[in-house]
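Here is a short tour of one protein model, written for someone with the sequence and the coordinates open side by side. Grab a viewer and follow along.

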Amino acid sequence: AAGGSIGRMRVMIDCSNGAASDTARNIFSRFPLELEFINDSPDGLNINHNCGSTHPEMLAKLVVAGGFDLGLAFDGDADSCIAVDEKGQVVDGDKIMAICGVAMKSKGELAHDCIVATVMSNLGFHEYTTRRGISVQCTPVGDRYVLERMLQCGYKLGGEQSGHIIFLDDSTTGDGQLTAVKFLSVVSRAVKKVSELAAEIPTYPQILKNVPVKGGNQVKNAIMADERLKELIAREEAKLGGQGRILVRPSGTEALIRVMVEARREDIALECSEYLSKMINYFAEELIL
């Protein structure tokens, strides 16, 4: 019932040798789908091993080779789901949310025409949703923050790039198999192929750097509080001229500062992230002295 109706499609499902190995056959064989399952033989050691949503390379190859309409990949505990289109290109959580969100909005099911995402969601996702009249609210990374915002404000759809997505009318937690059913109900009824639907949502190159901080957590916190770092980020972001964004955040557990830069071109994102990493190291040296 959660998925509405699902039309005919050829679908390959990667169970990641995890929880979905026991449940996916039972769930998806109820629909008029031609199915093939891979990585559904857990032995207690092979969970997530070169398979599933964190390693979709095998699924992508097999989907293309077998001429499938799409592939679906779960992670080990099946709370996340990503897809690969008929060309073997990954359709991540941002794109799944965008495609499902637009479909929900057209049926009047997207409360306040809003999706909740995290600060890591791609700028292309924001551009696409804005064009479709959908606003995005961003929370810190972590599904608990996404759920908190959804419950506070009455939003119905939220999630992360990793494919951990919450459909609040059906569940208060991310459920990869529910996400897959929702996604299939949209794409199986669409006129366009999955690759065409996904191509409408641009993906900005995203560079992530973990910068280890000499001097430990105390120095890390001092750098994050330094006004010069804030000014530096603002200046670099201004250079991107609205065609990119910068996110600098401390690791919650380690003496690391995470630098994420998005830009229209990868070389620009790389140059900016390397410069910011170098400056973080410079501030650390200064504080240690």
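Phenylalanine 74 counts as buried because its relative accessibility is 0% (buried is under 20% relative accessible area, exposed is over 50%, and partly exposed is in between, with a 1.4 Å probe and protein chains only). Phenylalanine 28 is buried as well, again because its relative accessibility is 0%. This is a predicted model, where local features need pLDDT of at least 70 and side-chain atom pairs count only at pLDDT 80 or more, while totals for chains, interfaces and linings use all residues. Residues are numbered from 1 along each chain as its sequence is written, and side-chain values use heavy atoms, with hydrogens and water left out.

How many aromatic pairs turn up? The count is two, taking rings of Phe, Tyr and Trp (its six-membered ring) whose centres lie within 6.5 Å; planes under 30 degrees apart are stacked, over 60 edge-to-face, and the rest tilted. Phenylalanine 28 and phenylalanine 74 make a stacked pair, 6.2 Å centre to centre with 25° between the planes. That pair links distant parts of the chain: phenylalanine 28 sits in helix H1 (residues 20-28) and phenylalanine 74 in strand E3 (residues 70-74), 46 residues apart. Helices (H or I, at least four residues) and strands (E, at least two) are DSSP runs numbered from the N terminus. Tyrosine 282 and phenylalanine 283 form a tilted pair, at 6.0 Å centre to centre and 50° between the planes. Tyrosine 282 is partly exposed at 45% relative accessibility, whereas phenylalanine 283 is buried at 4%.

## Serine 121 and helix H4

Serine 121 is in the loop between strand E6 (114-118) and helix H4 (123-131). Buried or exposed? Serine 121 counts as buried, because its relative accessibility is 2%. Its side chain makes a polar contact with the side chain of histidine 126 at 2.8 Å. A polar contact is a pair of N or O atoms within 3.5 Å; within protein, one must be able to donate a hydrogen and the other to accept it, and residues adjacent in sequence count only if both atoms are side-chain atoms. Leaving aside neighbours within four places in sequence, serine 121 has contacts (heavy atoms within 4.5 Å) that include Asp94, Cys138 and Arg245.

On to the helix itself. Asparagine 122 caps the N-terminal end of H4, with a side-chain oxygen 2.9 Å from the backbone nitrogen of glycine 124. The buried residues of H4 include Leu123, Phe125 and His126, and the buried set packs against helix H3 (93-106), E6, strand E7 (135-139), strand E11 (244-250) and strand E12 (256-263). Just after H4, glycine 133 has a positive phi of about 75°.

Asparagine 50 has a positive phi near 50° although it is a residue other than glycine. Asparagine 50 lies in the loop between strand E2 (33-38) and helix H2 (57-66), and is partly exposed at 48% relative accessible area. Histidine 112, also not a glycine, has a positive phi of about 60°. You'll find histidine 112 in the loop between H3 and E6, exposed at 58% relative accessible area.

## A spot on H10

Glutamate 285 belongs to helix H10 (residues 266-288) and is partly exposed, with a relative accessible area of 36%. Glutamate 285 and glycine 216 are 69 residues apart in sequence and 12 Å apart in space, C-alpha to C-alpha.
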